[in-house]
Amino acid sequence: MPVPRLIACDVDGTLLSLGQTQLNPSTIELIKRLREAGIVFAPASGRQRPSLRRLFTPVSNSLPAVAENGTIVTVDDEVIFRATMERALGDEIICAILARDECEALVSGVEVSYLQPKTPEFTELLRDAIKYKIVLVDDATAIPEPYSKIAVYHPDAETEQKYWQQRFGSRCTVAVSGITWIDLMPLGISKATGLKALCTHLGIDPADCLALGDADNDIEMLDFAGDSVAMEHGSAQAKAHAKRTARTADDVFRQILAELDA
């Protein structure tokens, strides 16, 4: 396995198993060792920045991140890239989500996510289970900052995605981001967009990047990086776009460290 200069790694489904809320201590230790060896490690996730900082607390110092499915990229806690959606389109999407049965809307800012919840359970999910930094609003179309990403929460995202793709797919990027989430971003934006911005900022050739993922919203990133690994349990599309597969991300990290020690 070639040794990368930068590792961009999906979180949910790749570093975290379904239902897992904290990284395994062994994963944290491997990330520490990779960084000590001079390899840049960057989580690439649909999650918000504060959620990633909390999750990676033991290694969060100077940790770059591709957050919100590529719409926000940070280095040393400075935003070096942010994609924003045209306001009228975002307003239309939010109103459509609030009007549709079984759907809830989550609007991403830089440091917080805004929600106009239909049920208290949605608030509890984000605040207590996912531990997002949230702000409750009476009108989600009146938040005081541009829209970076608008997410639909639905019990069956895979099926529900078809509706949002048909309605808005010509005007924004629509991507399933987990079992219950569908992300709508500015047209053409993906994790690959964020990774490209990070590579440009750090002066790293994409050919020297390794991307790891498990889902369809990782495909563009897997295509962009010079090397790529999909999880064996991942989607058929993700595996088709990766150069190889692995059982776990930890296995890949151990292989890289073994190459360095050889």
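Arg244 is partly exposed, with a relative accessible area of 27%. Here, buried means under 20% relative accessible area, exposed means over 50%, and partly exposed is anything in between (1.4 Å probe, protein chains only). Keep in mind that this is a predicted model, where local features need pLDDT of at least 70 and side-chain atom pairs count only at pLDDT 80 or more, while totals for chains, interfaces and linings use all residues. Residues are numbered from 1 along each chain as its sequence is written, and side-chain values use heavy atoms, with hydrogens and water left out.

So what does Arg244 pair up with? Its partner in a salt bridge is Asp227, and the closest N and O atoms are 2.7 Å apart. A salt bridge is a side-chain nitrogen of Lys or Arg within 4 Å of a carboxyl oxygen of Asp or Glu. Side chains of opposite charge can pair when their charged atoms come close. Arg244 sits in strand S14 (residues 244-246) and Asp227 in strand S13 (residues 227-231), so this pair ties together parts that are 17 residues apart in sequence. Helices (H or I, at least four residues) and strands (E, at least two) are DSSP runs, numbered from the N terminus. Asp227 is buried, at a relative accessible area of 8%.

The structure holds 18 salt bridges, so let's visit a couple of others. Asp77 and Arg49 meet through their side chains at 3.6 Å, N to O. This pair links distant parts of the chain: Asp77 is in the loop between strand S4 (72-75) and strand S5 (78-82), and Arg49 is in helix H2 (residues 49-55), 28 residues apart. Asp77 is exposed at 51% relative accessible area, whereas Arg49 counts as buried at 6%.

Now look at helix H9 (residues 249-261), where Asp251 and Arg254 are three residues apart and therefore separated by about one helical turn. Their side chains form a salt bridge of 3.2 Å, N to O. Asp251 is partly exposed at 24% relative accessibility, and Arg254 is partly exposed at 40%. Elsewhere, salt bridges that share partners join Arg49, Arg53, Asp77 and Glu111 into one network.

Last stop: Asp223, in helix H7 (residues 219-224). Asp223 is partly exposed, at 45% relative accessible area. On the surface, Asp223 gathers with Asp156, Glu158, Asp216 and Glu220 in a patch of negative charge. Patches are made of residues with over 30% relative accessible area and no salt bridge, with like charges joined within 9 Å and nonpolar side chains (Val, Leu, Ile, Met, Phe, Trp, Tyr) within 5 Å.

Technical notes. Accessible areas come from the Shrake-Rupley method with a 1.4 Å probe; for residues, only the protein chains shown count as cover. Lys and Arg count as positive and Asp and Glu as negative; His and the chain ends are not counted. The place of a charge is taken as NZ of Lys, CZ of Arg, CG of Asp or CD of Glu.
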